[in-house]
Amino acid sequence: MKDVSPIKDLDDVGIIYRRLQKYGKHREAELVMLGCNVALRISDLLNLRFDDIEESDVDGQLIGNVELGEKKTRKSKKLTINSRGMKSVHRLRELHPEAVYLFQSSGNRTKGMNKPVSRQYISKLLIEVRESLSLSYRLNTHSFRKTFGYHAYKNGTDIHVLQKLFNHSSSRETLLYIGIGDEDIRDVYLNINIGL
């Protein structure tokens with residue numbers, strides 16, 4: 001997944017969201033928004049159920065708490081869904097009040113079955129969106145997780161915290177994973193101006 005990029009320009013998240021809305025893909029638009037706010041692998045994100053989320057109020061903000069078993073690692077994970085993510089959860093509930101999964105399939109092949117949409121469907125849709133918007137980077141389902149990490153790091157989150165969050169073996173692996181490269185390192189030099 002090294003060739004999959006984070007969405008470095010946050011305006012692009014909104015552009016992708018609005019493009020999916022324009023296509024009538026409201027559920028998928030919310031997947032982009034929630035995915036960028038929770039740092040879950042797509043397999044875990046797609047398998048989230050409304051009943052998995054316990055809502056609570058922290059300092060006047062409605063958040064969600066989730067305990068899940070990660071599909072890939074089989075490890076238990078505690079997750080907090082921030083207030084923006086919870087807005088997506090509520091919009092999804094309004095769109096599909098009878099759904100079990102946040103991203104429940106509604107196609108003819110799964111009618112009457114409680115199954116989430118497939119990763120392959122989301123991947124194909126993201127490729128179409130990337131091409132329609134002429135984005136210069138590779139956008140895929142893993143981009144959401146990397147986007148979370150990239151912006152958390154740029155906003156001052158310690159790399160070791162992100163390393164633990166992503167379950168990486170080294171901080172170097174995490175830096176590569178979230179797309180921190182030579183340009184980002186150059187920006188550190190340009191943003192430090194000490195002197196008279």
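Mentor: Let us start with a cut-off for angles: those from 65 to 115 degrees count as roughly perpendicular. Please keep in mind that this is a predicted model.

Trainee: How are two packed helices described?

Mentor: In general, two packed helices are described by the angle between their axes and by the distance between those axes. Here, the axes of helix 1 (residues 10-22) and helix 5 (residues 119-133) cross at roughly 110 degrees and come within 11 Å. Helix 1 and helix 5 are therefore roughly perpendicular to each other.

Trainee: Which residues make the contact of helix 1 with helix 5?

Mentor: Helix 1 contributes Ile15, Ile16, Arg19 and Leu20, while helix 5 contributes Leu125, Val129, Ser132 and Leu133. By type, the residues of this contact are six nonpolar, one polar and one charged.

Trainee: What tends to happen to nonpolar side chains in soluble globular proteins?

Mentor: In such proteins, nonpolar side chains tend to be buried together. The largest nonpolar core of this model has 39 residues, and Ile16, Leu31, Leu34, Leu45, Ile81, Leu102 and Phe103 touch the most other members. Two or more residues come from each of several elements, including helix 1, strand 2 and helix 5. Helix 2 gives the largest share of this core, seven residues. Another core, of nine residues, lies apart from it, and Phe166 and Ile178 are among its members.

Trainee: With which residues is isoleucine 16 in contact, leaving aside its neighbours within four places in sequence?

Mentor: The contacts of isoleucine 16 are then Ile7, Val32, Val129, Leu133, Leu135, Tyr137 and Leu139.

Trainee: Let us turn to the strands. In what sense do strand 1 and strand 2 pair?

Mentor: Strand 1 (residues 54-58) and strand 2 (residues 61-69) pair in the antiparallel sense, over five bridges. Serine 56 has isoleucine 63 of strand 2 as its bridge partner, and glutamate 55 stands opposite glycine 64. The hairpin has two residues between the strands, and aspartate 59 takes a positive phi near 55 degrees.

Trainee: How many bridges join strand 2 to strand 3?

Mentor: Six bridges join these strands, which run antiparallel. Across this pairing, valine 66 stands opposite leucine 79. Their hairpin has six residues between the strands, with arginine 74 in the turn at a positive phi of about 60 degrees.

Technical notes
Residues numbered from 1 in each chain as written. Predicted model: local features only at pLDDT ≥ 70, side-chain atom pairs only at ≥ 80, totals over all residues. Heavy atoms only, no water. Axes fitted to C-alpha atoms, helices over the stretch in contact; angles between N-to-C directions. Helix = DSSP H or I, 4+ residues; strand = E, 2+ residues; numbered from the N terminus. Parallel < 35°, antiparallel > 145°, perpendicular 65-115°, else oblique. Contact = heavy atoms within 4.5 Å. Nonpolar A, V, L, I, M, F, W, Y, C, P; charged D, E, K, R; others polar. Pairing = 2+ DSSP bridges. Core = buried A, V, L, I, M, F, W, Y, C linked by side-chain atoms within 4.5 Å. Buried < 20%, exposed > 50% of the residue type's maximum accessible area, 1.4 Å probe, protein only.
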